[in-house]
Each structure stands twice: as structure tokens, then as C-alpha cells.
Amino acid sequence: MHISDLPHEILSDILLRATKANEAEGESYTYGLTQAPLPLQTSKLSKYVRGPLTGESLRWDATNAIRQVCNQWHDWALGYNLEHVLERTWRGSERWAELTVRRRKYSIYELIDKPSGYAVYRDPYGSLKSTDRLFASLPSAASHVRRLWFNGLYAAETDKLILSIIANCTQLQYLSVPWTILRRATAQEWVDLLNVGTAGRTPLHSLELNAVCLSKDQATALELDTTSNPLKDPRVDFSSLKRLKIFGNTLHKPVCDTDLKLIARTATKLECLDITNLSTITVAGMLALVKASSETLQVLEHSPRSDDGFYHPHPGRLETGEHICELLANLPQMRDLSISVPSMCAELFSNHEVKWAGELQVRATDLCNCKKGTEGEKLQAALSAARTLMAAKRRMHHELSTEVFFAGCIFEPEKRLVHGDFAIAELRSGGRWPLDAQSSTLGPYGQSGTYGKDEGLWDAISEEEYLHAVGKGWVAL
Ligand SMILES: [Zn+2]
């Protein structure tokens, strides 16, 4: 029997093992210059190991031999190499001309004692341009792409190239793009990007928008762009999208609540919504999407934390004054919840039918005004409701742990512990409180503890003792 007659899965497994073995044995480093030589200057050059090769280069080298065997193997190798495509700018914009581009010849290069060479200019978008050319001329290659990832490309020129590459990848499922695409692409380009109901094309499954602060030139160019918001066009349809992630802060035309409300008109089947590390989206924008996808949403992360660590930006207020706790507690498919809300109360933990599992994180600025009572009583009610919920889950053999971030402290209801800096409260009590404090491993920056910034160490005290201090007015909520 010929090897090509084997069932596809078995052949694929054999080729994959061979590729992995090639990858382990192949060249994994590239070289550079100690300094780029200048004209009319004789400086001693020495070569150095510049850094590891990129994952794509490693994978490409590993299938070199396989690609040359026959059509079937060539096709398999293209699928392996092009399933995930990552594009980034070329750092340094230079290359040592004398270093061979054929990495298999590196061993000969290593024998050269006195290296010579000069820096050559490299187009920072060269790789993006060649990818675009390749996919435009070879649709069969583009059809292997399942995931596209663009990093560090924010110019109008690169946005165009990115959109052109996306348009050629008919089976694309996962896309990670700079948020500038939202600002510069037209409605038609968004229709082609999301691919809902287009024959022969796969609708997009997952979309990530990443934002950063731009350099002055790039920022000005973006501000001057006059493309109207593509999301306003009713043809832009997010109904097939399962995962939406928005990440990173920017000052320039950032993703905002208005965008999310427009997306929410059609995004009715989201399973995962992740809004992290940015302060331009408030709880109102998040809730618009949560309500639109309330039947399907399983994972929700909204943490506007930025570099400020624990002291995150305010999650914003709801003009409608609706009760978020009730809404969040009644999402039928919700599993994984980590949220920042303007206020919380015991109601959030009242539904014992929830599917919540793993770690639940709630960051709240205030306590809800839905019930009468002092702030201390409301907090106590919320913490004990969380405890009851966790106990109910455990009886069903589901593990759920909870962390509540409130009033500058971290509460662990299960352990009845409160972590925080209680120095001021201790002064206020005239040194009579706390009776029993242990040092805490947590800090204002959450689980990972301190980031080496200047700050005092945290203590952990019992919930009972904390609430006692609240009652005495030593701790202000
Ligand atoms: Zn509430």
C-alpha cells in the first residue's frame, strides 16, 4: 500500500509528527550585527545571535521538504503553515545583507571569523505587502487561513492592506485587528469582514479589536480621517459572531459606548464578551451587548483596569437607573463572570440556579440603593449571600470561589477575610483596632501582588472585625 492511500487523518498525523521533529532540529536563531557599519569607517564588527526565529519561520522551515513531495503533501503543508497568520511591523527596518536568507546555510556562516556586511533598508510593511500579494494571486493558499492576527500596524496604508488580506481569506474564523479598522473601513468592507450569509464564505466567529496610543503623526492622520462610522449601516451584521474582545486604551477615536450600542443591534449570539484594559467603554455600553446576547452569553469580562492597577477607572453610571445585579444573576448560560459595576448588592448572588463556576470577580464602586439599611448592613448582606451561593453550588459539586473588590479592599467571603491597608483605621481607633491582623499576600494590584511600586504592605483581617470597624466609623465605605 502506498503511503498516500492512507486515510487522511493518519497521513496528517504522520506529517505532523515529521514536521514537529524537523522543527525541533532546525535552525531556531538568527544573527545580527553589533552595529550597522557606516561608510568610510572601519569599525570592528562581530556577529551576535539576534534572537529566536518567529514561530511562522520555524513552521515554514519544518515543512520545506514535505512541500516538495507531491500535490497532496504540499497542500497539507500549506494548511499547516497558513492556518494562523501573524503580521507585525519589521523592527529595526534593517538587515545584514551578507547573512544568507537560506537558514539551512547558517552553519557555514558560523565558520566565518571576520564577518563583514552592511545594513540594508527594509520596508517595515514588506511582510504585509507580500502576504497581500500572495493571497491575491493564490486564492487556494488564502483559503487555508483560519486565523489572522495583526499587531503594531496602525497607518492608513496598512489598514488598506489588512482589509485586502481579510477579503481574500474566505474561510477566516478568528480575526485580531487594530481598532483603526473600525474607523477607516467602509460599511461594505465590514460586510465582507463579517461574512454573514455570503455564499462560499465562512462567517467570522471571533473578533478582537486592539487599541494603543499612537505616535503624533499617526494620531493626526487618524483624527483627520472622515470615513463615517460603518456600524451605522444596517447591512453590517454581527449575528454570527460568537466572541468579541476589545482591549487597550487609546486617546484617538477610541471604541466607545456608541459603537457597542450599534453593534448590539445585531450581536445577538455572543458567547464571550471581553472588554479589558480600557476606560472608554462604560457599564452602559457593556450592558447593551449583554442584553442583546443575554440568551447565549457564557463568559463576561469587563474590567476597565488600566496601568493604574487596582484603582481602576470608574465603571460609569447608568442613566436608566436599572438594577444590574438582577440582570446579571439571571443570564441563563453565564459560566464565567468578572465584572466592574457601579454598584452591587445581595441580589447579585440570589439566584442559586446560575451556572457560574471557577472564579467570580466583582469590582464595585458602591452598594445598591435597592434596600434600606446602613452601608455596613448592605455589605454584610452581600457577603453572606455570596457565601450562601457558594455553599449551594458546592452541594451540587460545582466549585465556585468569589472575590469582591470594594472600598479599596479585597473581600474573600468564603474565608471570611478582608485584605487591605488598615493603617488609617487603626489610627482612628486610637490603636484599639484591629485585634488580630495577619500579613496578606494580596495587594492593590490584585492576585499578582505588588508590581514593585511604592506602597505599604497589606493586612488581612476577619470580615467580622472589618464590619465592626465600619460600625464604629473607623473604616469609611
Ligand atoms: Zn444590586
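I take helices as DSSP runs of H or I, at least four residues, numbered from the N terminus. By that count I looked up what follows helix 15: it is His397, with a positive phi near 60 degrees. The model is a predicted one.

Overall. I noted 17 helices and 18 strands in the protein. Of its 477 residues, 32% are buried. I also looked up contacts between residues at least 6 apart in sequence: 71% of them join residues at least 24 apart.

Helix 15. I find 21 residues, 375–395, in helix 15, and a reach of 31 Å from the first C-alpha to the last, close to the 30 Å expected at 1.5 Å a residue. I listed the buried residues of helix 15 as Lys378, Leu379, Ala382, Leu383, Ala386, Leu389 and Met390. Seen down the helix axis, these fall within an arc of 130 degrees, so they line one face. On the face turned away from the buried side I found the exposed residues Ala391 and Arg395. I then checked what covers the buried residues; the cover includes strands 12, 13, 14 and 15, and helix 17 (463–472).

Strands 14 to 16. I see strand 14 (residues 400–406) run antiparallel to strand 15 (residues 409–412), joined by three bridges. Two residues lie between them in a hairpin, and Ala407 in the turn has a positive phi of about 55 degrees. Strand 15 also pairs with strand 16 (residues 417–420), antiparallel, over three bridges. That hairpin has four residues between the strands, with Arg416 at a positive phi near 55 degrees.

Definitions and conventions. Residues numbered from 1 in each chain as written. Predicted model: local features only at pLDDT ≥ 70, side-chain atom pairs only at ≥ 80, totals over all residues. Pairing = 2+ DSSP bridges. Buried ≥ 20, exposed ≤ 12 C-beta atoms within 10 Å, placed from the backbone. Contact = placed C-beta atoms within 7 Å. Expected span 1.5 Å × (residues − 1). Arc of directions from axis to C-beta.
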